[in-house]
Amino acid sequence: MDVFQKLTILSDAAKYDAACTSSGVTRGGSKGGLGSAQACGICHSFAGDGRCISLLKVLMTNICVFDCKYCVNRRTNETPRAAFTPRELADLTIQFYRRNYIEGLFLSSGVIQSPDYTCEQMIATLELLRGEYRFGGYIHAKAIPGADGALIERLGLLADRLSVNIELPSQESLKLLAPDKSKHSILQPMGLITSGIKENCTDLVKYRAAPKFAPAGQSTQMIIGATPDSDFKIMRLSQGLYRRFGLKRVFYSAYTPVQSDALLPATDTKPPLLREHRLYQADWLLRFYGFEAEELLDDAHENFNLFLDPKCNWAMNHMEHFPVEINSAPYETLLRVPGIGVRSAQRILVARRIGRLDYPSLKKIGVVLKRAVYFITCSGKLSDGLKITPEGAFRALISERCAAMLPSQQGDQLSLFATPELTREDVVKCLTGEM
Amino acid sequence: MPDGRDVVYLYDRTFDGLLCCVFESYVRHETPLAILPEDTPQLPLYAVREIVTTREGAQRVYLSLSKLGALANEMIEHAFLNGDAGKELAIFQYIRLGYRVGPRVSEMLGDGIVSRVHKLALAATHEAHLMTGFLRFSDYSGRLVAVVEPKHFILPLLQPHFCSRFSSEQFFIYDKAHGMALAYRPYEARIFPVDDLALPQADETELQFRRLWKQYFETIAIEARRNPLCQRSHMPKRFWKHLTEMQEHAPQKAPPSERLS
C-alpha cells in the first residue's frame, strides 16, 4: 500500500476527532531547525464542512483491538485497515510543513496489539520529528487510554499538547458504548498529564533549560448526542474538567452516525449541530466570561434554549442586574452585557480612562448596540427613544436564523413569557440542526 | 489651522512621502483636503500641491512621532500598509491629533479619527495573519516559492514569521498584486520590486505532494456536516487562486505571469 492510500484511509479514520487547534504555545524558529509555533494558532485551510484545517490529523493506524460501538474503527467493523511507519509519517509531516500546508501534526491511533505498543510507535514518530528533523512546529498527541505512565511522560516531552478523549459524558454511557475504555483508564492518564504539567512548571522555575512537558496543555473531547445526557450534565462535567484537571480546552463533537447499533441513535439521524454550537458558546462563557455552569442551567432547565444563546438567555432571565452604567461598571459586569464581548469590554476600559463614553463612541469601539442598548446606560441615560420591553429585548437578541424558526403567526406578539407554539417536528429540527 | 485655500497634496506613495506631507502642512500652516498618490488618474478640481520627498523632512517628522508612544507608532505603520484609498488623510489626521494630545491618542478608542486608523491597521495585520496560513509554497529544486495576491501590502509583516519558521530554507514570496517580492536565504531577507515571475514546471515529487495534500483536504471533511457557506466565510474566495487544494474551485482568470519554461 503506498502513502497515498494510507493517507486516504488514515485521515478518513481520524476526521471525527474535533480537536485540531494549533494554539497554546509560542516558540521561535531555531537555527538549523525547521518550524515555529504561534500561541494564537494558525488556520491553514477550511474543509468542506467549514472546520479549520491546521494540523495533519491522522491515525498512526486504524487497526484496533477495542470495540467501541460508535467508532468506525471498531474491531468488529469491516473497513480497510492501514498503518504508517514512523519514517513515512515523519517524512509526510515535514514535506507538508515545508510547503506551509500545516502547522504541525495531530497524531492519534487505534490500539494495535496493546496500548503500550501503540504508544511506542507514536513515540518513535515524534522522536524522528524532534530529533533527526529538528522539527519545531506543533505536535498534538493523543495519549492512549491504558498506556503506561512512563510512556505518557515520554510523549509529553515530545508533544506540545496531549489529550485523552473522555468520549462520553457519563460512566453509564461509557460502560454501554465503549466497554473497553473504563472511566479509570481515561481519568488516570488525564491525572498523570495534569500532574506532569504542574511538576514541569516548578522544574522550569528552578532550571530554565528543563525540558518542557506538554507546554500547550491538555485537552479532551466528548461526543454529543449519542446518549441521552443533558446539557447541564455536560457543562458540569466540562467545568469540573477545567477546574480539577486544568484543561485548556474541551471539544464537543456532534454525533455523526457511522455505525448502526441497537444502543445508538438511528443511522439517518442528523448531527445535532445547533446543540453543539450552544455547548461551545457556553464553554466560552465558562472560560472567558466568568460564568459558572450552574448560572446557565439548572435542574429545572437542563438543556439550552434553542432560540437564544446562553449569554442572552441569562441576561433575559436576570434583568435585575441591568441596566449597567458603561462609564463605571467593572470589567466582569461589562462582560455580562449582550453585545459586549471580551474585546469590546477591554476597549471600553481603555477608552473610558480618557473621557466619558456615549452611544456613538460605543459603536466605534465595536459594541453591538442593537443588543446592548437594552442593558446599558451611558452617563445615566438610555439610548434616545428606546423603550425597554421584554418583547423588544427578545427580538433584538434573537438571531435571524432562530427568528425564522419561530411560528410565523406570532407576528408582533413575540413574548418571552408565553412559550411559542412549537410542533414536535420543530423541536426535532432544532436538535438536528436543520434550519 | 486657518485655511487660506482648499488644497490637495500629491505624494509618491512612500511612507517618507507621507511624513513630508505632514511636514509641509505644518510649514505652510495649511490642512490638505486630501492626500493622493501622484499617479492618481482623476485629480479633483482643487488646487494641487506636489510634495517632494526629502530625507530631512521625513526624518524630522519621524523623530517627532516618538512623542506619540509605541502603540500609536505601530498603528501608523500598520495603517500605512493598508491598501484602502483615503488612508493617507486618516493617518495625517491621527498624527495631528497625536501632536495635540500625546500618547493618549492610542487610547481614545471612541474617537472617529482614532477608530478609523486603528481599523485600517487591524485590517492589514489581520490579512497578514490569514496569509501566514493561506500562503502555499512549492518546492523547485529545494527552493520554496510562493505567490500571493493580498489586498494590503503585507510582505513586511510576513517577513519575521517566515524567516523565523524557515530559517534554514531558501524561499521567495512573490506579491503579485503589488509587484514586490520577499527573498530569503540563511540568514538574510530582502524585499524588492519584481515585475513578473516565470515559474518553472513542477517536478514529479512536488506534484505528488500536491496530490497528497488535495486528497487529505477532500477526505478530512465530514459529509454530514458539509457547509460551503461556513467554509467561504472563513476562507474568502479571493485567497483561493493560490491555494493548492482549491485549484479547480478558484474563480477562473488566466494568470498571465505564470509561464512554464
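Among contacts in chain B between residues at least 6 apart in sequence, what percentage join residues at least 24 apart? The share is 67%, where contact means heavy atoms within 4.5 Å. The structure is a predicted model, in which local features need pLDDT of at least 70 and side-chain atom pairs count only at pLDDT 80 or more, while totals for chains, interfaces and linings use all residues; side-chain values use heavy atoms, with hydrogens and water left out. Residues are numbered from 1 along each chain as its sequence is written, with chains lettered from A and ligands numbered from 1 in the order in which they are written.

Chain B has eight helices and eight strands; helices (H or I, at least four residues) and strands (E, at least two) are DSSP runs, numbered from the N terminus. Of its 261 residues, 49% count as buried, a term for under 20% relative accessible area, with exposed over 50% and partly exposed in between (1.4 Å probe, protein chains only). Taken along the principal axes, the box filled by the C-alpha atoms of chain B is roughly 65 × 45 × 40 Å.

Chain B contains an open sheet of three strands in the order β2-β1-β3, with parallel pairing; two strands pair if DSSP finds at least two bridges between them. Because β2 (34–37) and β3 (47–50) of chain B each have a single partner strand, they stand at the edges, and one side of each is left without a neighbour in the sheet. On average, and with direction ignored, neighbouring strands of this sheet are turned by 30° against each other. Axes are lines fitted to C-alpha atoms, for helices over the stretch in contact, and angles run from 0 to 180 degrees between N-to-C directions. Four bridges join β1 (residues 7–11) of chain B to β3(B) in the parallel sense, and Val7(B) has Ala47(B) in β3(B) as its bridge partner.

Helix α1 (residues 15–27) of chain B packs on this sheet and touches β1, β2 and β3 of chain B, its direction making about 145° with that of β1(B). Helix α4 (residues 87–101) of chain B lies across β1 and β2 of chain B and runs at about 135° to β2(B).

The axes of α1(B) and α2 (residues 55–64) of chain B come within 8 Å and cross at roughly 80°. The two helices are therefore roughly perpendicular; this class covers 65 to 115 degrees, whereas angles under 35 count as roughly parallel, over 145 as roughly antiparallel and the rest as oblique. Residues of α1(B) in this contact include Phe15(B), Leu19(B) and Phe23(B), and those of α2(B) include Ala58(B), Arg60(B) and Val61(B).

In chain A, the axes of helix α3 (residues 115–132) and helix α4 (residues 149–158) come within 10 Å and cross at roughly 25°, which means that α3(A) is roughly parallel to α4(A). Among the residues of α3(A) that meet α4(A) are Met122(A), Ile123(A) and Leu126(A), and their counterparts in α4(A) include Leu151(A) and Leu155(A).

Ser109(A) lies in the loop between β4 (104–108) and α3 of chain A and is buried, with a relative accessible area of 12%. Leaving aside neighbours within four places in sequence, Ser109(A) is in contact with residues including Leu59(A), Met122(A) and Ile144(A).

In helix α1 (residues 3–12) of chain A, the buried residues are Lys6(A), Leu7(A), Ile9(A), Leu10(A) and Ser11(A). These residues pack against β3 (55–59) and α2 (86–98) of chain A, together with α7 (204–219) of chain B.
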